[in-house]
Structure formats: C-alpha cells, structure tokens
Amino acid sequence: MADHQVTGMLGLTAWIRSSRLFRLYFYEVNTGSETMAFTPTDYVDITSVREQKIAAMYAHLSQDPDGTYKNYFKPLEEFRGLECGVKAAEAFIQFKDKTERATITGLTVDR
C-alpha cells in the first residue's frame with residue numbers, strides 16, 4: 001500500500017538525516033500481498049499483548065478487522081511465533097548501513 005511505502009521512506013529519511021543515530025527496523029505487513037522475500041532479523045513475542053492488539057484493530061471498523069485479523073495477522077503471528085518458539089510473534093528486519101552489511105569472502109565491494 002502506498003501509505004506504508006511513504007511511512008517507510010519517512011523513517012529511512014529520518015534515520016539518514018540523524019546520521020544513523022538509532023537502529024531502524026521495518027515491520028512485516030501481510031506476507032505475500034504486501035511483503036516480498038521478508039527474512040526477519042528480529043522477533044518480538046506478542047503473546048501477552050495479543051488481545052490488546054486485536055482490540056486496537058477492532059477500533060478501526062473501516063479496516064475490516066474480522067477479515068484482516070483472521071486472514072492476515074493471526075496466521076502471520078502464529079507462523080512467526082513458531083519460528084522463534086513462542087505462541088505469537090511479530091517479525092522485523094533491521095536495516096543496516098552498507099558498511100555494516102555482511103560481505104562475501106573474496107568479493108570486492110566498494111565501501
């Protein structure tokens with residue numbers, strides 16, 4: 001969705017303008033329909049706050065909370081939970097400056 005892309009770019013711009021003073025993470029959104037090739041670097045166990053998340057979603061009836069939660073968020077929370085050994089989790093990718101990214105041994109990379 002365009003609003004998610006704009007929000008991501010605003011976060012990236014703030015990170016760059018701050019001289020990268022904070023860690024920047026991107027959140028997974030609707031795997032398959034909005035997120036492509038998402039490989040998490042970090043997980044957050046949301047088991048204890050899952051009901052609060054559901055209540056917050058239902059506060060926005062125009063966003064089809066029944067369909068959105070049951071078809072996207074619930075399966076995604078459970079899948080990511082399985083990956084990290086908890087009942088429900090959210091996944092993130094930590095964005096790293098090119099100087100912090102992994103390199104392939106023997107490959108010359110301009111840094």
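**A walk through the predicted chain**

What you see is a predicted model, in which local features need pLDDT of at least 70 and side-chain atom pairs count only at pLDDT 80 or more, while totals for chains, interfaces and linings use all residues. Residues are numbered from 1 along each chain as its sequence is written, and side-chain values use heavy atoms, with hydrogens and water left out.

Let us begin with the chain as a whole. Of its 111 residues, 28% are buried; buried means under 20% relative accessible area, exposed over 50%, and partly exposed in between, with a 1.4 Å probe and protein chains only. Contacts, meaning heavy atoms within 4.5 Å, tell us how the chain folds back on itself. Taking those between residues at least 6 apart in sequence, 64% join residues at least 24 apart.

Now look at the pair of helices H2 and H3. H2 covers residues 50–58 and H3 covers residues 65–84; their axes are 11 Å apart and meet at an angle of about 155°. Here axes are lines fitted to C-alpha atoms, for helices over the stretch in contact, and angles run from 0 to 180 degrees between N-to-C directions. The two helices are therefore roughly antiparallel, a label for angles over 145 degrees, whereas those under 35 count as roughly parallel, 65 to 115 as roughly perpendicular and the rest as oblique. On the H2 side, the contact is made by Arg50, Lys53, Ile54, Met57 and Tyr58, and H3 contributes residues including Tyr69, Phe73 and Glu77. By type, the residues of this contact are six nonpolar, one polar and six charged. In this count, Ala, Val, Leu, Ile, Met, Phe, Trp, Tyr, Cys and Pro are nonpolar, Asp, Glu, Lys and Arg are charged, and the others, Gly among them, are polar.

Arg50, in helix H2, is worth a stop. Its relative accessibility is 10%, so Arg50 counts as buried. Beyond its neighbours within four places in sequence, Arg50 is in contact with Tyr69, Lys74, Glu77, Glu78, Lys87 and Ala88.

Glu90 is buried because its relative accessible area is 17%. The side chains of Glu90 and Lys53 are joined by a polar contact of 2.7 Å. Such a contact is a pair of N or O atoms within 3.5 Å; within protein, one must be able to donate a hydrogen and the other to accept it, and residues adjacent in sequence count only if both atoms are side-chain atoms. Not counting residues up to four places away in sequence, Glu90 also touches Tyr27, Asp42, Tyr43, Val44 and Ile46.

Past S3 comes the segment that holds Lys96. Lys96 is partly exposed, at 34% relative accessible area. Its C-alpha atom is 7.6 Å from that of Leu24, although 72 residues separate them along the chain.

Finally, visit two loops. Ser19, between helix H1 (2–17) and strand S1 (24–27), has a positive phi of about 60° although it is not a glycine, and Ser19 is exposed at 54%. Asp64 sits in the loop between H2 and H3. Asp64, also not a glycine, has a positive phi near 50°, and is partly exposed at 45%.

Terms used:
Helix = DSSP H or I, 4+ residues; strand = E, 2+ residues; numbered from the N terminus.
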